[in-house]
Amino acid sequence: MHKWIYRLMLCLFPIFLSIEAAGQIQIGTVRGAVMDASGARLAGAQVELLNPLTGDRFVTLSGQSGEFVFNNVTFNGYSLQVNAAGFRSETRQIAVNSNIERIVEFRMSPAAITEQVTTVEQQALINPDSTSTQTQLSQSLIRRAPGATKSLALQRLIATTPGFTTQNNGLLHIRGVDDGILYVIDGIPTVDRIDAVSAGSFDTEMIRSLNIITGNIPAEFGGRSGAVVQIQPQSGIDQSFAGGASLGMGSFHARELAANAGGKLHRTFGVYFNGSTSISDRFLDPIDLGNFNNRGGTGKLNARADWHPTEKDILLIDIAANGADFHVTNRLKQQLAGQDQEQRLRDQGQSVSWQHVWSANAVSNVAWFRRSYESKLIGSEFDTPINATQDRRHARQGFLAGLTIGKGSHTIKSGIEAARVTPREFFTFAVTDPEEADELEVSDAALAFTPENPFIFRGSQNGTWFSWYIQDTFNPTKNLRVNAGLRYDRSTMPVTDDQLSPRIGAAWTIVRTHTVLRASFNRMFMPPQVENLLLSNSVEARQLSPFAEGNPGGAEIHPESVSAYEVGFAQDLAGLVRLDVAFWHRNFRNFDDPNVFFGTTIAFPNSVAKGFARGLDVRLDIPIYKGWSSFISYTNGRILQTGPINGGLFLTDEAIEIGPGTKFLPDHDQRNVGAFGLSYQRGKWWASLSGRYESGVPLEVEEDRLEDLMEERGAELVDFDRARVKPWYVFDLSAGIELISRDRVTVSAQLDLQNLADRPFAYNFGNPFEGTHFGHPRMAGGRLRFIFK
């Protein structure tokens with residue numbers, strides 16, 4: 001009885017906090033006016049908003065009443081400069097840290113007057129108002145991502161930031177968390193898997209900016225425990241109508257055609273559209289160096305509309321539809337047998353959000369969203385040693401609402417989110433070659449399922465998600481910034497569970513040395529992935545589990561609970577270099593760690609009883625200086641898990657060794673990861689060199705299995721003495737030039753070489769959770785881009 005009273009109080013608590021609660025909308029507005037010394041308004045003044053770290057700049061002209069506005073501004077520090085004929089140029093340093101409008105007025109001095117214009121003091125390359133560890137990627141870096149096709153460009157871009165390690169097919173691990181990314185686009189959260197074998201990734205041509213939070217995740221974000229990736233899409237509200245098209249071509253018969261159009265149709269209404277289609281003969285990371293049966297293609301369509309019916313109201317509409325059809329890559333024996341599995345993915349999303357400014361210090365947001373996903377795996381006649389077929393789908397829809405209030409140094413947010421998820425699953429498999437399956441150590445329980453007596457699962461369930469939070473960001477002293485929040489989450493998929501999560505972070509600015517010191521504690525709650533969750537949590541799957549008979553484990557899958565600690569600092573070095581360092585430690589309960597079904601593309605969620613991850617993240621950014629810019633990222637980490645394992649769908653008995661209390665290294669225990677980028681731009685041409693290093697993941701198999709793996713194709717890429725994949729690195733080179741630049745037409749070209757040294761490498765090898773996947777060889781590509789105004 002007391003438990004239900006407690007939960008009822010938790011659910012009702014936010015209602016007493018505010019009539020409307022705050023959502024995750026993370027875009028600001030900079031509004032102002034340009035006047036002369038007497039207060040007369042100046043029309044036609046050029047106003048420029050510059051991010052000094054990324055180099056992104058946005059330009060507008062003041063209107064007839066001297067007014068100007070920048071919409072959809074990502075939270076960060078900016079330089080705001082005004083130039084008007086006959087007046088001295090004036091610059092202000094401003095910070096945009098909430099969706100409360102930032103109002104700035106300029107009183108311009110005549111050019112003949114030489115006294116100094118007062119500006120707001122603030123370090124250019126560090127943000128003293130931020131208590132989080134975060135990295136913002138520039139628009140130019142996003143646009144110039146190498147590759148003839150952009151289907152996984154977003155994941156490659158995210159992986160350049162510290163804390164991330166890569167795996168096959170675009171899967172990312174963050175500070176020990178498996179695929180724990182919360183994507184937030186226009187304030188709408190997406191908690192479902194986004195990779196090549198689950199759902200269409202966001203099209204980078206639609207992205208205006210990326211902000212990635214890995215440390216001290218504010219209480220307004222929930223559902224994933226790894227990182228938050230905030231995506232600000234392109235918008236037509238602040239630009240004249242224009243369009244563009246691009247054509248990409250490259251190795252493995254890669255082709256991509258993309259087009260976009262958008263702009264202001266009225267001073268209060270703008271639209272933006274983007275579409276693309278691509279094909280490749282190396283669609284997935286293959287499970288054999290021969291790259292067998294690896295054809296695939298994608299189609300993407302995105303649209304956004306901005307409507308500002310009044311100065312106090314903003315309505316945003318986002319629509320997306322993605323699809324992918326591809327063949328599932330084979331091993332040599334499967335290729336010789338004629339295996340030809342296919343997979344088809346479809347997903348679509350719609351969202352509507354409304355923001356209203358109640359006063360200079362109060363803003364509310366209300367949003368509705370829906371996303372749906374479908375995946376079909378189609379088996380073939382000659383599948384060996386196992387034939388599998390799948391048809392799964394789920395939809396997630398809900399609403400969020402929010403209120404942000406500014407009072408003095410305080411920015412108070414409170415929020416609610418409610419969603420409903422409806423998975424439907426069908427899955428079947430049968431052993432078609434018992435001898436080969438036995439050689440691969442398929443269990444006796446799985447061998448019993450034959451084409452005449454297949455394993456069959458059908459299931460459906462309706463689940464709900466509810467959360468609320470309240471947080472305050474304030475300055476208790478002049479140089480101390482604190483973000484303190486409390487979040488409550490409740491999930492009923494697949495089992496009912498809830499958690500109350502405190503989150504607190506602080507940043508102390510040492511003005512004299514341009515240093516910001518940070519420290520934080522976060523508690524986080526992450527329900528298991530919905531994809532294939534019903535089967536993974538079913539009685540049928542537990543009957544195949546190696547823990548089925550009298551062994552602890554094989555129980556229901558509960559949400560992951562994480563306690564995250566971090567200390568770090570950010571340093572501005574003479575306004576030329578920004579250094580960010582973070583030491584982090586995370587303790588896990590019900591450690592989420594999905595396993596891949598026997599060499600296919602299907603991932604089944606499971607959890608490990610407990611574990612920890614700890615490490616060091618370092619990021620060095622050098623903004624544009626005389627045409628040069630660069631970054632360096634480095635992560636040192638260690639992950640350890642403790643059994644047993646719950647959930648999943650295991651066809652072998654290898655996991656039986658991971659019993660209660662057994663400590664083991666998971667498949668994403670990557671000790672050292674580094675990435676860098678160096679760019680130069682001069683006039684109409686540019687060039688960039690980038691690279692990545694990873695020290696290799698563990699095999700985590702029994703000793704007798706090691707002997708079998710030594711005979712496998714690609715074994716030379718494994719260090720069997722260390723029982724790890726060998727360290728690997730790749731270097732990429734890109735260059736571009738503006739070929740034609742006229743008033744209404746611009747044509748540019750880009751050439752790319754990926755993996756310059758043509759060094760073969762493996763992401764993983766024979767691992768019981770992920771199997772074997774190989775990285776790409778040297779690949780060449782090119783792209784022509786047309787812009788019409």
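Visitor: With which residue does R282 form a salt bridge, and how far apart are the closest N and O atoms?

Guide: R282 is paired with D285, and the closest N and O atoms of this salt bridge are 3.3 Å apart. Before going further, please note that this is a predicted model, in which local features need pLDDT of at least 70 and side-chain atom pairs count only at pLDDT 80 or more, while totals for chains, interfaces and linings use all residues. Residues are numbered from 1 along each chain as its sequence is written, and side-chain values use heavy atoms, with hydrogens and water left out.

Side chains of opposite charge can pair when their charged atoms come close. The term salt bridge is used here for a side-chain nitrogen of Lys or Arg within 4 Å of a carboxyl oxygen of Asp or Glu. By this rule the count comes to 29 salt bridges. R282 and D285 are both buried; buried means under 20% relative accessible area, exposed over 50%, and partly exposed in between, with a 1.4 Å probe and protein chains only.

A second pair is R175 with E566, whose closest N and O atoms are 2.7 Å apart. R175 lies in the loop between β10 (172-174) and β11 (177-178), and E566 lies in strand β31 (residues 560-573), so this pair ties together parts that are 391 residues apart in sequence. Such labels follow DSSP runs numbered from the N terminus: helices are H or I with at least four residues, and strands are E with at least two. R175 counts as buried because its relative accessibility is 3%, and E566 counts as buried because its relative accessibility is 6%.

E566 also meets R518 in a salt bridge, with 4.0 Å from N to O. R518 lies in strand β30 (residues 515-526) and E566 in strand β31, so the pair ties together parts that are 48 residues apart in sequence. Both R518 and E566 are buried. Through shared partners, salt bridges join R175, R518, E566, R578, D580 and D617 into one network.

Patches are made of residues with over 30% relative accessible area and no salt bridge, where like charges are joined within 9 Å and nonpolar side chains (Val, Leu, Ile, Met, Phe, Trp, Tyr) within 5 Å. At least two residues of the negative patch come from each of α5 (434-439) and α9 (703-709), and α9 gives the largest share, four residues. D444, in helix α6 (residues 444-447), counts as exposed because its relative accessibility is 65%.

The surface also has a nonpolar patch of about 910 Å², and among its members are L247, W685, I737 and F788. Accessible areas come from the Shrake-Rupley method with a 1.4 Å probe, and for residues only the protein chains shown count as cover. Strands β16 (242-250), β42 (728-741) and β46 (779-788) each supply at least two residues of this patch. F788 has its place in strand β46, and a relative accessible area of 40% makes F788 partly exposed.

V197, in the loop between β13 (188-190) and β14 (207-215), has a relative accessible area of 10% and is buried. Leaving out residues up to four places away in sequence, V197 touches N169, L284, F326, Q343, L345 and T601, where contact means heavy atoms within 4.5 Å. V197 and L345 are 148 residues apart along the chain, and their C-alpha atoms are separated by 7.7 Å.
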